[in-house]
Amino acid sequence: MSEKPTAKVSLSASIARFREVGLLGFIILMSIVVQLRNPSFLTLENLNDMITNTAILSILAIGMMLVIITGGIDLSIGATLALSGMITALTVGAYPNLNPIMAILLGILVGIVSGGILGVIISKGGVLPIIATLGMMYIFRGLTFMVSGGKWVSAHQMPVSFKGIATGSFLGINNLILIAVITYLIFFYFINHTRTGRQIYAVGSNPDSAKISGINHDRIIWLVYTLMGGLSGLAGVLWVSKFASAQGDTASGYELTVIAACVLGGVNIAGGSGKISGLILGSVLIGILNNALPLINVSPFWQMGIQGSIILIAVILNALVKRGVDLNALMRRKI
Amino acid sequence: MKKLSMIFLSIFMVFSVLAACSQSAPSSSGGKEQGAKDGKKRFAIVFKNTGNPYGEKQMEGFKNAIEELGHEAILKAPDQPTAEAQIQMIEELISQKVDSIAIVGNDPDALQPALKKAMDQGIKVLSLDSAVNAKSRMVHVNQADPERIGRVQIQAISEMIGGKGQIAVLSATSQATNQNTWIEWMKKELEDPKYKDIELVKVAYGDDLRDKSVSETEALLKSYPNLKGIIAPTTVGIAAAGKVLTDKGLKGKVKLTGLGLPSEMAEYIESGVCDWMYLWNPIDVGYLAGYAADALVSGKITGKVGDKFTAGDLGDKEVVQDGDGTQIMLGDPFKFDSGNIAEWKEVY
Amino acid sequence: MENLSKKNFSLKTFFLQWEWLLVLLFILVNIINTNLSPYYLNFNSLRDATMTFLDKAFMVFPMVLIIILRDIDISVASIVALASVIMAHLYSLGVPMEMTIVICLAVGAICGLINGLLIVKFKELSAVIVTLSTMIIYRGIAYIILEDQSAGSFPEWFGFLGWGYVFGIPFILIAFVVMAIIFGLLLHKTTFGRRVYAIGNNPTAARFSGVQVDKIKVIVFTLAGIMAAITALFLTSRMGSTRPNVATGYELDVIAMVVLGGISTAGGKGRMVGAVIAVFLIGFLRNGLGLINMPAQVLMIIIGLLLIIAVMVPNLKPKVKLKTKAVKSQSKQIAG
């Protein structure tokens with residue numbers, strides 16, 4: 001009796017693993033090709049650079065995954081990131097003695113407020129996520145330009161401690177990587193081991209039955225957009241600290257990169273499924289693309305076409321692999 | 001049937017609104033004199049995009065000049081740096097019957113039909129900073145000779161690296177016309193035999209995005225371990241390169257120069273990552289454009305070679321030949337180094 | 001059965017109200033604009049204003065169909081760029097202009113067809129990810145073709161498309177109205193249109209009742225490609241030359257207009273007329289605020305607020321919403 005369910009679990013787990021193995025294989029293959037063209041690709045320094053540059057993307061991808069799991073989408077994150085980055089930069093510019101931790105908290109707060117408003121509009125106002133976030137994207141971006149008065153906050157206006165957030169390291173590991181890892185651990189626990197975390201999946205895979213089973217649908221929807229906002233706020237501070245400059249048009253269009261990372265990582269855009277492990281692979285693939293294409297010295301005019309083709313090939317391969325697995329599973333069931 | 005009638009109704013609505021407007025405003029194509037109604041002429045400037053401190057300063061200079069002359073300045077900038085958005089703004093300005101349009105073009109050719117329409121309606125059109133083609137303007141206000149800008153950067157990097165080694169260029173987008181012209185002149189300067197030991201290994205494009213500029217700079221450093229110098233003729237690019245060189249502790253090993261905003265670059269010039277760089281004063285570029293626009297409107301100049309006028313504090317200026325068209329030159333690019341950066345970083 | 005007719009009834013009244021709301025908003029915008037700027041209420045200026053925003057509006061029609069189908073196409077702006085670049089490049093190589101226009105339309109159709117085929121062949125990939133990838137690829141190809149160059153200097157007559165008048169009315173406005181009627185009839189008066197709604201309401205049920213879902217999807221996405229090519233014609237004519245980065249960000253503008261027009265991204269709902277009114281609503285609003293030289297950042301905030309408020313107001317009627325939801329879940333059960 002007890003054997004049957006475990007067998008089922010291991011089967012579905014192996015399917016999931018297999019999907020990710022496919023993506024992992026693709027990443028390894030690509031790394032080998034790049035390594036052959038430019039031996040400096042797989043050096044410690046480059047890997048460190050690459051992961052550091054991908055840290056912000058991967059932090060945003062967690063929030064986006066939660067949003068997509070509930071069947072929504074968030075186009076406003078680039079603008080939220082810019083707004084929180086700009087407000088934080090202006091604040092540390094005015095109060096250079098502000099503790100960097102406080103700066104991070106301020107950025108997160110700005111993000112949470114932005115995301116909270118968005119969440120209310122979507123959950124209580126009943127506005128579809130794509131249109132609500134599109135509208136808020138314009139609003140947040142406009143606000144960013146307004147609070148900055150069209151100016152940028154430059155490196156010399158920021159205290160050393162603030163710039164140190166992104167450049168500093170702990171035990172030889174860059175702070176950005178550490179922050180990303182901690183965020184991942186927290187969210188891994190939250191998604192897999194808390195009631196609320198599981199409810200997010202329930203709402204995404206079947207909203208009606210989730211409602212019937214007593215899950216507060218509106219609260220969960222509000223929560224994911226607020227979390228997304230908070231993560232965008234965090235990313236905003238890290239971004240400004242990393243590049244030592246805050247602009248009104250920071251990260252414009254970045255939302256599409258984040259969505260691409262999620263979808264590559266196997267997050268189903270229709271909602272209901274998505275895993276942290278896949279997300280990491282998706283972010284890494286995007287990170288490698290951004291890092292490797294300049295390295296292998298292709299013409300800059302070809303970069304965009306190659307990038308798009310690789311994304312398309314990766315998702316199609318992933319789909320084909322999944323088809324094969326499903327077919328196998330089906331045949332086994334027949335027997 | 002209801003649906004169909006709704007469609008027709010809506011179309012009818014649109015037309016009726018249009019028709020109503022034509023009736024209530026019979027003097028539609030009437031007046032150039034309308035602008036002079038209250039004695040004030042109106043001068044418009046259209047920058048590339050909003051939220052750009054360089055552009056804000058340019059518009060500030062333009063406004064200063066126009067207000068000194070006792071006229072009204074209209075400052076506009078679209079939210080995205082595209083020619084399409086600028087075409088729309090030009091149409092809006094034509095509707096407002098302004099006296100003059102000064103434009104910082106997002107594309108040299110694509111604004112031609114719109115600007116021609118403006119000129120056909122008697123509006124004086126000039127470009128500044130980023131030129132539009134000769135057919136779509138009366139005169140161009142040039143911040144500095146592109147040949148000088150290109151050549152001086154090669155001279156600078158050559159001096160920094162001791163005339164020997166690999167160099168790379170980190171530009172804005174591959175579509176940026178100003179940058180492309182300057183890079184052409186850089187390449188011409190490099191043909192001089194005295195640079196025979198300098199090799200330009202790559203022109204990379206950071207698209208004026210922080211993250212991409214950083215990735216491209218890092219890739220340059222890894223692909224060319226012997227790289228001696230980077231020229232970044234764009235504000236975002238040079239600051240991003242300065243940041244990378246600082247973080248990687250490559251100060252002194254890889255030299256950096258180019259064109260950048262003093263406020264953005266102050267940190268890296270003071271720390272010595274970038275010995276010196278160049279730029280012109282965007283306030284002066286706007287100021288000169290303001291006076292040039294006034295001279296065009298008042299008929300003092302027509303945009304022909306040899307025309308002369310006085311540009312406020314900047315003194316006398318002359319219209320000179322520039323390819324097919326004509327231009328007014330501000331001066332040489334200005335050099336920013338550790339000696340003067342402190343006073344300029346607060347200005348722009 | 002009773003439920004179904006009830007649903008039709010409530011939806012009909014609901015959307016009649018929606019479109020009237022848009023008309024009211026449109027009138028309101030015109031009144032406000034007239035008071036704001038002395039230059040607004042002027043035949044020439046209003047007429048020419050339509051020319052500035054109608055180029056991208058051609059993509060609104062197929063986007064209405066796509067969103068009714070519960071899909072989305074974010075590659076349209078890139079198709080515009082690719083079609084425009086190929087047209088201009090071939091012309092500069094000496095191909096006659098008439099020929100390049102045909103090729104431009106063909107390029108649009110092929111790009112749309114590829115989108116459609118990928119979407120129906122790989123059903124596990126949603127339209128978002130397919131068109132997100134092709135969005136990058138199509139523009140990428142445009143970059144490969146023209147690199148850092150621009151191409152243009154078209155014959156004089158080509159400028160007529162974007163700048164010409166017929167009996168004092170802009171040609172582009174006439175073309176837009178003709179297309180609006182064609183697409184309105186297609187969606188509301190043909191079997192094809194009814195099937196589009198059927199798929200949008202319930203794809204599974206539609207499939208079981210013999211609707212060739214795949215075929216219709218491919219046709220609709222191909223139409224989107226063709227309309228993007230038509231946008232490319234008008235836009236290129238207005239600019240007189242082209243570059244690989246033209247029409248950047250148009251896809252979001254188009255989607256915003258469609259959704260403001262009352263077409264629900266949940267599929268199956270909405271009508272062409274709403275989208276048409278939304279096009280003029282946003283266009284005239286932008287024009288009016290542009291005439292008083294409103295800073296771009298304020299304009300962004302106003303457009304954002306308008307989008308959200310306009311969509312939120314009718315949603316504050318919970319009864320209608322509940323009804324449709326109940327019907328939906330029921331039909332889902334039937335289908336399952």
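Student: In chain C, what share of the contacts between residues at least 6 apart in sequence joins residues at least 24 apart?

Tutor: For chain C that share is 80%, where two residues are in contact if their C-beta atoms, placed from the backbone, lie within 7 Å. This is a predicted model, in which local features need pLDDT of at least 70 and side-chain atom pairs count only at pLDDT 80 or more, while totals for chains, interfaces and linings use all residues. Residues are numbered from 1 along each chain as its sequence is written, and chains are lettered from A and ligands numbered from 1 in the order in which they are written.

Student: And what is the figure for chain B?

Tutor: In chain B, 71% of the contacts with a separation of 6 or more are between residues 24 or more positions apart.

Student: How many helices and strands do chains C and B have?

Tutor: Chain C has 15 helices and 4 strands, and chain B has 11 helices and 14 strands; helices (H or I, at least four residues) and strands (E, at least two) are DSSP runs, numbered from the N terminus.

Student: What percentage of each chain is buried?

Tutor: Of the 336 residues of chain C, 55% are buried, and for the 348 residues of chain B the value is 59%. Buried here requires that 20 or more other C-beta atoms lie within 10 Å of a residue's own, with C-beta atoms placed from the backbone.

Student: Where do chains B and C touch?

Tutor: The contact involves 41 residues of chain B and 48 residues of chain C. On the chain B side, α1 (2-24), β2, α3 (83-95) and α4 (112-120) each supply at least two residues, and α1(B) gives the most, with 13 residues.

Student: What kinds of residues are on that side of chain B?

Tutor: They divide into 18 nonpolar, 15 polar and 8 charged, where Ala, Val, Leu, Ile, Met, Phe, Trp, Tyr, Cys and Pro count as nonpolar, Asp, Glu, Lys and Arg as charged, and the others, Gly among them, as polar.

Student: Changing topic, what is the strand order in the 8-stranded sheet of chain B?

Tutor: That open sheet runs β2-β1-β3-β4-β5-β13-β12-β11, with mixed pairing; two strands pair if DSSP finds at least two bridges between them. Its edge strands are β2 (72-76) and β11 (308-310) of chain B, each pairing on one side only. Within the sheet, β3 (residues 100-103) and β4 (residues 124-128) of chain B run parallel and are joined by 4 bridges, and I101(B) has V125(B) in β4(B) as its bridge partner.

Student: Which helix packs on that sheet?

Tutor: Helix α10 (residues 282-298) of chain B does, touching several strands, including β1 (42-46) and β5 (139-142). The direction of that helix makes about 160 degrees with that of β4(B), with angles running from 0 to 180 degrees between N-to-C directions and axes being lines fitted to C-alpha atoms, for helices over the stretch in contact.

Student: And what about the sheet of 4 strands in chain B?

Tutor: That one is open too, with the order β7-β6-β8-β9 and parallel pairing. Because β7 (198-205) and β9 (255-258) of chain B stand at the edges with a single partner strand each, one side of each is left without a neighbour in the sheet. Strands β6 (residues 165-171) and β8 (residues 227-232) of chain B pair over 4 bridges, and I167(B) has G229(B) as its bridge partner in β8(B).

How values were computed:
A residue is buried if 20 or more other C-beta atoms lie within 10 Å of its own, exposed if 12 or fewer, and partly exposed in between; C-beta atoms are placed from the backbone.
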